[in-house]
Amino acid sequence: MDFFEPADLDSEDPASAALALGSSLAAAHPVLVRLALGAALVCVALLRPSAFVGFFLALSLLYVYHSSFNAIEDVPQVGNMAVLPLKAKTRGFAPVAADPAADDIVDEALDLFRANSLFRNFEIQGPADRVLIYLILFTSECLGKLTPATTRDAANKLLYALAVGPFAIPGEGSFPLNALYAAPATRADADNMKAYLQQLRTELFTRLVDKLYAEDNAKPSKWWMAFAKRKFMGKSL
């Protein structure tokens with residue numbers, strides 16, 4: 001994990017107040033102060049959902065998280081993205097995970113989304129990080145399609161259309177991160193990359209919906225929707 005400056009935040013936002021306090025105390029005091037701050041922010045978050053953003057920032061202790069799958073040696077790649085096994089319910093380019101009980105890259109992206117989405121800078125440490133970046137940005141795009149009144153059925157329809165609809169891949173002019181991603185070398189590589197990304201998108205939206213509507217099928221979780229406008233690395237797909 002590396003130290004980074006968090007994204008610019010509105011000073012009138014409760015999350016910004018939490019950020020300012022957390023940054024100053026964490027810099028000047030030891031771990032016990034950070035733990036106390038985190039506990040206090042839990043209480044604040046229960047009253048103000050918007051402050052939940054600040055709570056996650058305190059938990060991350062101003063560190064951005066990288067993919068654990070960077071540790072895999074000799075991982076196959078398409079472009080310069082790692083091709084990682086998935087606990088996939090749909091067929092695609094990715095291999096099937098050997099252990100269906102273990103977390104895959106989609107699980108990891110959803111786990112890290114709220115902490116990492118607060119940061120504008122991210123140093124890529126391996127090919128799995130490029131998959132992580134893409135999935136975090138796609139999670140933001142999914143949340144941006146929903147409102148606090150969107151039902152589970154409506155969300156499934158909206159996000160399925162988003163997942164399988166037209167989207168840009170590295171090397172195309174409309175892809176926002178071409179400086180960080182290698183274009184496919186051949187037409188076959190491009191087809192494989194498209195299939196891989198579509199499989200990732202489909203898996204992610206399916207699992208995201210499960211998290212958003214774990215408690216109420218009539219509306220998405222406010223603890224996730226509080227992050228709908230946050231842009232990891234200041235980018236969007």
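Predicted model: local features only at pLDDT ≥ 70, side-chain atom pairs only at ≥ 80, totals over all residues.
1. Because the two residues are 4 positions apart in helix 7, R187 and D191 are separated by about one helical turn. An α-helix has 3.6 residues a turn, so residues three or four places apart point the same way. R187 counts as exposed, at 65% relative accessibility, whereas D191, at 40%, counts as partly exposed.

2. Salt bridges that share partners also join K87, D104, D107, E203 and R207 into one network. Within the whole structure, a search finds 6 salt bridges. One of them pairs D104 with R207, the closest N and O atoms being 2.7 Å apart; D104 sits in the loop between strand 4 and helix 4, while R207 belongs to helix 7, so that the pair links distant parts of the chain, 103 residues apart. Both of these residues, D104 and R207, are buried.

3. R207 also meets the side chain of D107 in a salt bridge, at 3.0 Å from N to O. Since D107 lies in helix 4 and R207 in helix 7, this pair ties together parts that are 100 residues apart in sequence. D107 is buried, as is R207.

4. Leaving aside neighbours within four places in sequence, L200 is in contact with L86, I105, V106, V131 and L135.

5. Of its 18 residues, 16 are buried, so helix 5 is largely enclosed by the rest of the structure. At 1.5 Å a residue, helix 5 should span 26 Å, and its end C-alpha atoms are 27 Å apart, which agrees.

6. As for the protein overall, there are 8 helices and 4 strands, following the pattern β-α-α-α-β-β-β-α-α-α-α-α along the sequence. Of the 237 residues, 47% count as buried, and the accessible surface comes to about 11,700 Å², of which 57% belongs to carbon and sulfur atoms. Among contacts with a separation of 6 or more, 74% are between residues 24 or more positions apart.

How values were computed: Residues numbered from 1 in each chain as written. Heavy atoms only, no water. Buried < 20%, exposed > 50% of the residue type's maximum accessible area, 1.4 Å probe, protein only. Contact = heavy atoms within 4.5 Å. Areas by Shrake-Rupley, 256 points an atom, 1.4 Å probe, with all protein chains shown as cover. Expected span 1.5 Å × (residues − 1). Salt bridge = Lys/Arg side-chain N within 4 Å of Asp/Glu carboxyl O.
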